[in-house]
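User: I am new to this structure and would like to go through it step by step. Please take my questions one at a time.

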Number of protein chains: 2
Amino acid sequence: MMNFPLLLKTILYRANLVYPNQEIVTRTATGMKRYTYRHLARRAAQLAHALDRHGTPRGAHVASFAWNHDRHLELYYGVPCSGRVLHTVNIRLSAEQIVYTVNHAEDRILFIDEDLVPLIVPLAHRLPTVKTYVILTDEQSVDVPLPGAVGYEEFIAGLPNSYDYPELDENDPAILAYTSATTGEPKGVLYSHRGLYLHALTFMTGYFALDDHDVSMPIVPMFHVNAWGRPFCDLWSGAKIVLPGARPTSKDVADLMQTEGVTFSAGVPTVWMGMLQHVRQHLGDYDFSRVRMLISGGAALPESLVRAYQEELGVALYQGYGQTETSPVTFLGAPKQSIEALPMDEQLRYRTKTGLLIPGLEMRLIDAQGNQVEHDGTSRGELLLRGPWVLDKYYNNPDATAAALVDGWFKTGDIATIDEHGYLQIVDRSKDLIKSGGEWISSVDVENLLMAHKDIVEAAVIGIPDPLWQERPLAVVVVRTGAKDVVTPDRLRDFLRDKVAKFWIPDAFSFVDEIPKTSVGKFSKKTLREQYQNGELPLRR
Amino acid sequence: MMNFPLLLKTILYRANLVYPNQEIVTRTATGMKRYTYRHLARRAAQLAHALDRHGTPRGAHVASFAWNHDRHLELYYGVPCSGRVLHTVNIRLSAEQIVYTVNHAEDRILFIDEDLVPLIVPLAHRLPTVKTYVILTDEQSVDVPLPGAVGYEEFIAGLPNSYDYPELDENDPAILAYTSATTGEPKGVLYSHRGLYLHALTFMTGYFALDDHDVSMPIVPMFHVNAWGRPFCDLWSGAKIVLPGARPTSKDVADLMQTEGVTFSAGVPTVWMGMLQHVRQHLGDYDFSRVRMLISGGAALPESLVRAYQEELGVALYQGYGQTETSPVTFLGAPKQSIEALPMDEQLRYRTKTGLLIPGLEMRLIDAQGNQVEHDGTSRGELLLRGPWVLDKYYNNPDATAAALVDGWFKTGDIATIDEHGYLQIVDRSKDLIKSGGEWISSVDVENLLMAHKDIVEAAVIGIPDPLWQERPLAVVVVRTGAKDVVTPDRLRDFLRDKVAKFWIPDAFSFVDEIPKTSVGKFSKKTLREQYQNGELPLRR
């Protein structure tokens with residue numbers, strides 16, 4: 001067979017050939033902006049020419065600092081297809097982390113949303129490699145206090161709208177992202193054309209396959225692990241694409257879903273919690289009958305949320321799982337035919353498991369001794385993965401690489417079980433396990449049980465030092481407004497009593513207004529541990 | 001990203017991990033035989049060990065000569081995953097072609113169905129490389145007049161049911177097939193692991209995506225271009241697989257579809273014509289409401305057939321297109337969202353077009369001067385293709401290779417148009433075009449129009465020499481029983497009058513009982529031309 005490389009330009013080629021008139025819609029400050037795949041292809045070509053004119057060599061890194069919108073999508077194609085690497089800077093990183101990652105990546109250009117300019121202005125003098133700032137705005141000329149600033153429209157103006165993309169090596173890098181780094185410095189992951197191609201194609205198969213009848217809205221940010229691959233999957237599927245723009249609120253998400261006829265969307269659990277709360281307050285206003293499925297990822301999906309979507313909104317909410325190091329998708333919570341025969345309560349048990357290994361990957365679950373554990377749904381082991389879109393090394397970081405890999409397998413750092421149906425269940429981060437009296441306590445299990453309580457909105461469980469047991473669980477919970485007086489530690493302990501082993505029940509509770517989140521919306525247990533150490537958490541026993 | 005090769009063993013790995021209890025059902029002479037993915041994986045492993053025990057080296061060719069059944073599926077995995085190459089001999093080749101292909105491939109073992117043994121016995125002395133015949137039968141011991149004959153069950157007996165498959169190079173060959181050769185000797189096409197992996201994964205996306213809720217029945221034979229990839233797609237999707245066994249009749253196909261709850265099937269148009277005729281005679285007996293879609297390929301799909309399936313059976317019949325040289329699928333007749341908005345008559349125009357280019361390939365339509373033609377639905381050009389599952393060379397056949405490739409593109413030999421929606425329409429084989437007075441006449445167009453006539457069952461049009469016009473069309477037709485007296489050349493000419501240009505209307509007709517077919521069920525125009533030259537066709541003007 002032909003030696004035909006797996007390149008991202010292949011996606012753009014077919015999108016323009018087969019679905020030139022398909023729509024791409026972006027929510028902007030001034031209303032909905034609409035164009036087509038054909039326009040995307042033309043403007044990506046202009047961008048590629050603009051990088052040539054700018055003198056950006058092949059292999060150079062250019063960065064984006066932007067929300068989900070049409071120009072960001074153009075960057076996703078114009079930059080890698082022409083042989084450069086797009087570094088998608090996470091706008092929610094701390095100032096120090098932004099400086100670290102841009103310098104570590106040696107980015108030459110920063111493409112930045114106009115409303116995000118104030119975040120970068122105070123840092124610009126510490127970004128010596130960035131010589132040009134391109135402002136992502138409709139305006140032709142811009143006036144921002146950044147050196148070498150130019151408007152995106154001016155940057156690409158007057159250039160041809162087709163481009164003869166190079167025949168790259170499929171292993172050439174296309175996109176660079178950094179982990180959100182709950183500990184230590186962010187680590188860079190370089191995605192190759194081949195890896196992104198195979199990841200996208202695989203995510204387009206089976207239960208989650210979209211086609212041009214679909215309308216896909218990635219809520220998950222393009223600055224977060226390539227929006228889980230949606231910029232590639234959606235365009236290749238021919239789906240109408242809805243991009244939610246800057247700072248979408250829960251109302252924006254629900255409104256877009258309704259007005260644009262969204263059939264498929266993807267976001268973190270907090271997005272779906274937020275939308276549910278909004279919709280509950282405006283039930284008559286929404287009809288989600290066009291929604292085929294939603295995917296939640298980035299954190300465990302509480303059963304109560306899946307049930308609420310199914311029963312209150314009639315919408316199927318499924319779980320995906322992955323990491324920055326795995327491009328990211330590795331497991332999807334597809335409902336097997338054998339599971340759908342079960343009563344809804346039992347189905348939900350499987351629907352809230354982490355999911356089934358997607359095609360193309362291999363997995364191992366190993367115990368502390370390095371032996372593979374049984375696939376019995378209860379034996380726990382650390383999850384190892386390998387496959388064409390799994391990290392083989394961090395970018396310029398041999399120490400982190402050495403720590404992450406073992407015998408050619410990537411150590412996910414997650415503790416999991418796998419059952420006889422093939423469903424994986426992440427039970428904890430290996431570093432979030434609570435070690436109590438020589439046994440493991442899964443903080444995630446306890447959190448999920450607490451969040452199933454009707455009066456609990458959020459719950460995070462951490463291990464705190466204990467002289468007798470080494471560690472004991474502390475549950476930090478947010479109680480529903482109106483229930484603050486009735487929820488007590490003893491009532492919560494009673495609620496848990498018949499659901500977990502006795503030694504799993506938290507000794508201490510902390511009632512707070514909000515649980516601190518990481519830059520990607522996960523519960524920040526690192527922050528909770530610091531708050532506990534600093535005596536900032538009110539404790540009740 | 002990891003240097004993780006794209007190998008067929010990855011499919012078997014996931015099938016056994018995620019869907020071990022999914023069913024594989026085979027129709028046999030003694031009833032339905034059922035087992036599961038887990039059994040398939042175990043027996044494929046035993047087969048791999050058996051090839052080791054037999055001393056078959058890595059890279060060696062072993063052949064199959066078999067219908068679609070469980071053991072043939074085991075060969076599809078056990079042979080290539082362990083590093084050997086499976087040559088799937090087309091059982092419908094002529095004796096001379098069988099001898100030619102087995103010798104050309106230098107096959108060491110021939111795995112053969114018991115009922116096909118009589119076809120091979122008279123040829124065995126001319127197959128010097130074949131030292132072992134393995135008989136695909138339930139029996140433990142066999143008694144057939146072939147040298148070194150052994151039963152399959154004996155061949156694999158007593159061996160371990162797991163196998164540590166080698167980490168092959170993804171470009172290593174996995175399967176060898178020969179073209180059915182309407183002209184000249186059959187030509188060998190070697191499919192790599194990488195090509196088959198990518199072809200299967202791509203055919204699992206979008207509109208034609210199956211999952212484990214599906215029941216797939218490949219009617220297209222495994223000896224014909226890998227049953228269009230179904231052995232890989234179906235197992236990877238987790239679908240229940242129904243294998244129709246030896247010589248399925250139209251009744252068998254219809255019965256299996258109903259009793260096994262088939263949701264997806266694939267076959268040549270003559271299969272679907274046959275099943276339709278059977279079902280029309282037993283309408284009350286069948287309920288095809290579970291069927292999601294059928295795919296037809298290998299020859300153009302008449303609009304009348306698509307309409308009959310839709311209107312009489314409520315079943316969607318779509319077209320696929322490809323060739324032995326392209327693994328085979330390159331275009332699929334998916335209904336675009338923009339097409340489904342049209343009235344049914346207009347929809348059918350698109351539904352019977354050849355289809356949309358599938359992801360991962362690139363195409364060109366070039367005219368006689370080598371220029372790309374417009375995508376206007378009428379400009380005709382020869383179709384060129386390239387991609388990861390497109391031939392780069394024939395097996396040990398440099399002359400044929402040189403003739404088939406131009407500037408890195410594969411010449412399909414098909415003349416096509418492409419419209420503004422991206423739908424390709426094959427209008428003819430370049431060698432089947434009728435050149436009349438300096439213009440092209442599409443034999444396929446005229447055939448399809450004739451087959452839309454209520455009294456015409458089959459029609460094939462060939463060019464015959466003409467002193468004035470160079471060539472003129474001759475239509476060879478099969479008239480419906482009961483209408484033989486009323487169908488005349490003049491009435492057919494009247495029927496065509498307002499549908500095609502005047503010079504396209506055949507000067508001569510030949511009324512026959514059956515149109516000769518090739519080994520894969522296509523109209524054999526080669527045979528018709530020979531019959532015409534030999535004066536064997538009755539002509540009416």
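Predicted model: local features only at pLDDT ≥ 70, side-chain atom pairs only at ≥ 80, totals over all residues.

User: In what order do the strands of the open sheet of chain A lie, and which of them stand at the edges?

Analyst: The sheet is open, has seven strands with mixed pairing, and runs in the order S7-S6-S5-S3-S4-S8-S9. An edge strand has a single partner strand, so one side of it is left without a neighbour in the sheet, and this holds for S7 (149–151) and S9 (188–192) of chain A. On average, neighbouring strands are turned by 25° against each other, direction ignored. The edge strands asked for are therefore S7 and S9.

User: Which residue is the bridge partner of A:His61 in S4(A)?

Analyst: Strand S3 (residues 61–65) and strand S4 (residues 85–88) of chain A pair in the parallel sense, over four bridges. Within S4(A), the bridge partner of A:His61 is A:Val85.

User: Which helix packs on the sheet by touching strand S8 and S9 of chain A, and what angle does its direction make with that of S9(A)?

Analyst: The helix is H7 of chain A, residues 193–203, which touches S8 (173–178) as well as S9. Taken against the direction of S9(A), the direction of H7 makes an angle of about 75°.

User: How are chain B and chain A related, and which residue of chain B comes closest to the rotation axis?

Analyst: Chain B can be laid on chain A with an RMSD of 0.1 Å by a turn of 180° and a shift of 0.1 Å along the axis. The two copies are thus related as by a two-fold rotation axis. Of the residues of chain B, the one that comes closest to this axis, at 2.1 Å (C-alpha), is B:Thr205.

User: How many salt bridges are counted between chain B and chain A?

Analyst: The contact takes 62 residues from chain B and 63 residues from chain A, and the two chains bury about 4,900 Å² between them, 62% of it on carbon and sulfur atoms. The side chains of A:Glu170 and B:Arg194 meet in a salt bridge at 2.8 Å, N to O. Between chain B and chain A, the count of salt bridges is two.

How values were computed. Residues numbered from 1 in each chain as written. Chains lettered and ligands numbered in written order. Heavy atoms only, no water. Least-squares fit on C-alpha atoms with pLDDT ≥ 70 in both. Pairing = 2+ DSSP bridges. Helix = DSSP H or I, 4+ residues; strand = E, 2+ residues; numbered from the N terminus. Axes fitted to C-alpha atoms, helices over the stretch in contact; angles between N-to-C directions. Contact = heavy atoms within 4.5 Å. Buried area = accessible area lost by both parts, 1.4 Å probe. Salt bridge = Lys/Arg side-chain N within 4 Å of Asp/Glu carboxyl O.
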